[in-house]
Amino acid sequence: MWKNFKNGFIKENPVFGLYLGMCSSLAISTSLNNAIGMGACVTLVLLFSNILVSLIRKITPDEIRIPVYIVIIATLVTIVEMLVHAFAPGLYDSLGVFLGLVVVNCIILGRAEAFASKNDVLSSAVDGIGMGLGYTFAIVLISVVREFFATGAITFVNPFNSSQLIFKLGSDALEPVTIGLFSQPVGAFLVFACFAALFTVLRENAKKKESAK
Amino acid sequence: MEFLTLAIGAILVNNIVLSKFLGLCPFLGVSKSSKSAIGMGFAVIFVIFGASLITYFLNYYILVPNEIEYMQLITFILVIAAFVQFVEMFIKKNSPSLYKTLGIYLPLITTNCVVLYVAQDNIAQGYDLLHTIVNSIAVPVGYMLVLYLFACLRERLDSADTPKAWKGNPIALVTAGLMALAFSGLAGIV
Amino acid sequence: MKKNLTLALFLGIVSALAGLVIGLFNGVTEPIITANAIAAEQANMEKLFPGGEFSLIDYSDPDKNVLSIYEAKGEGYLVKAQATGYNTSTPIIVLIAFDQEGKTIGIEALQQQETNGFGAGCFERDFLDSTYVGRTSTDTIDALSGATKTSNAMRRILSAAFTAVEEVKD
């Protein structure tokens, strides 16, 4: 089970390995705050959707399983959206439409179909958390690079109270040499491509090690 | 004039793939040949147009009068899924040749975020019926344009000598980034 | 046939349950969301008229530039207005304070996603205060060089706001 959990990070990282959930990972990775917020929302939805799908896997008729999964996921996303809107309005504003689009994030439906519908509740829950954290890990990586180069510092504010700064790494002295390109779409694509290439190398190396054994 | 601005804005300036990053999963998946890019493009135009019209009427004649707008997400996604299923069955029965070209792309479209995004965006922007129609044609046309251009580039990329780690999707993403850069140059035209 | 009925029934039950749960959560979160929105609006207005007493005035702008207009009791008016600049997907929204004669006395940008280094320069504190504050409806308003679209949007906002204030003043 630990292996399932660990797989989500490098070997089967949903974003860099399987290229799932790319839309949101490119769009909201402009700042660390957005990335962590989005990661938390996706992980929550993924955890509960995996649990629910696994719970009803024996009574769900096979022909309509996809619509049923979609209803479950849409419900969870709507609930998360409402909670974020109520308790973290700043995060709600910066995630905007992408919060609702978590519904069509392929990771969630993909895990429901490929894993939760065939496994028991506990391992589905672990799989949900692992995949969710893998996704979070990926967008945090992208956002750290993009935010640092675009603004000269990485800032993190309390999502529940946007006036409370938690930390700020970097310095204002860097501001004159920032590269605005990184906050633009092209920056998102290029940073993503670099990480994707890096993860390909990591995976290849891991595979080589295994076959050498 | 206003509709022209809206259309050009949606096709070129705020291109759904290159500036909003939507619809990327099929973008990487089916853009390996220009022929399948065209097939997917037409399927997307058709589904978005149909789904946007249905959701428009659903929203203003059922959800809003009953004050249950918070059910928007769940109704829209169900409508889209049902619509896609219906179109698939209809085409399969009535036009096997069309089914051969479009059929395999249809199931992919349910999880294409562009469809849901356009349906929600039409409502969020407060578009009336005419604007909704223009927008729901222009956005997927922009999608198809970029998908096709990208597929042509990728066909050439396949024969290029790419470093091993960058083969496949990573180099495709670099290409997409350069395309986004080129498209951002169009930003001033409307 | 019977099989189809069971399937439809199952999906119906799942959807009904989903609707019920969403409805429940909506009941809990909606009052908080409305309260937050009012508090945020109030906080912005307080920046321009500290300790002011605001009341909404009924006004509708045919061009849809002016979103809402408030009277600050005994002090002047507040206009919330929008226009599209360089970024066509996110309109610029600003809050402008007027004194009772219809002169601008303060301005706050509520939302803007113009390009950094170009249009976004219009929203730097110094530029906002030196360009848009202390103007009357007859003044010409300077543009920021290199940011024509953004400057034009700001002019449209200002002129719509002046018209609105002129109208509600009398």
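Start by selecting helix α4 (residues 65-87) of chain A together with α1(C): the two pack at an angle of about 5°, with axes 9 Å apart. Axes here are lines fitted to C-alpha atoms, for helices over the stretch in contact, and angles run from 0 to 180 degrees between N-to-C directions. Helices (H or I, at least four residues) and strands (E, at least two) are DSSP runs, numbered from the N terminus. That angle makes α4(A) roughly parallel to α1(C); the cut-offs are under 35 degrees for roughly parallel, over 145 for roughly antiparallel, 65 to 115 for roughly perpendicular, and oblique for the rest.

Before going further, some housekeeping. This is a predicted model, where local features need pLDDT of at least 70 and side-chain atom pairs count only at pLDDT 80 or more, while totals for chains, interfaces and linings use all residues. Residues are numbered from 1 along each chain as its sequence is written, and chains are lettered from A and ligands numbered from 1 in the order in which they are written.

Now show side chains at that first stop. From α4(A), the residues in contact include A:Val71, A:Thr75, A:Ile79 and A:Met82; among their counterparts in α1(C) are C:Val14, C:Ala18, C:Ile22 and C:Phe25. Contact means that the C-beta atoms of two residues, placed from the backbone, lie within 7 Å. Colour this contact by class and you get 15 nonpolar, six polar and no charged residues. For the colouring, Ala, Val, Leu, Ile, Met, Phe, Trp, Tyr, Cys and Pro count as nonpolar, Asp, Glu, Lys and Arg as charged, and the others, Gly among them, as polar.

Four residues of domain 1 of chain C are in contact with eight residues of domain 2 of chain C.

Next, pick out the strands of chain C. What order do they take in the open sheet? The five run β1-β2-β3-β4-β5, with antiparallel pairing; two strands pair if DSSP finds at least two bridges between them. β1 (54-57) and β5 (104-111) of chain C stand at the edges with a single partner strand each, so one side of each is left without a neighbour in the sheet. On average, neighbouring strands of this sheet are turned by 25° against each other, direction ignored.

Zoom in on β2 (residues 66-72) and β3 (residues 76-83) of chain C, which run antiparallel and are joined by six bridges. C:Tyr70 stands opposite C:Leu78 in β3(C).

Over to chain B. Select helix α3 (residues 34-63) of chain B and α7(B), which pack at an angle of about 40° with their axes 9 Å apart. The two are therefore oblique to each other. Look for B:Val47, B:Ala51 and B:Tyr56, among the α3(B) residues that meet α7(B); B:Val118 and B:Ile123 are among those on the α7(B) side. This contact divides into ten nonpolar, four polar and no charged residues.

Last stop: chain B against chain A. The contact takes 30 residues from chain B and 32 residues from chain A. Which helix supplies the largest share of chain B's side? Select α9(B), with nine residues. By class, that side of chain B has 23 nonpolar, six polar and one charged residues.
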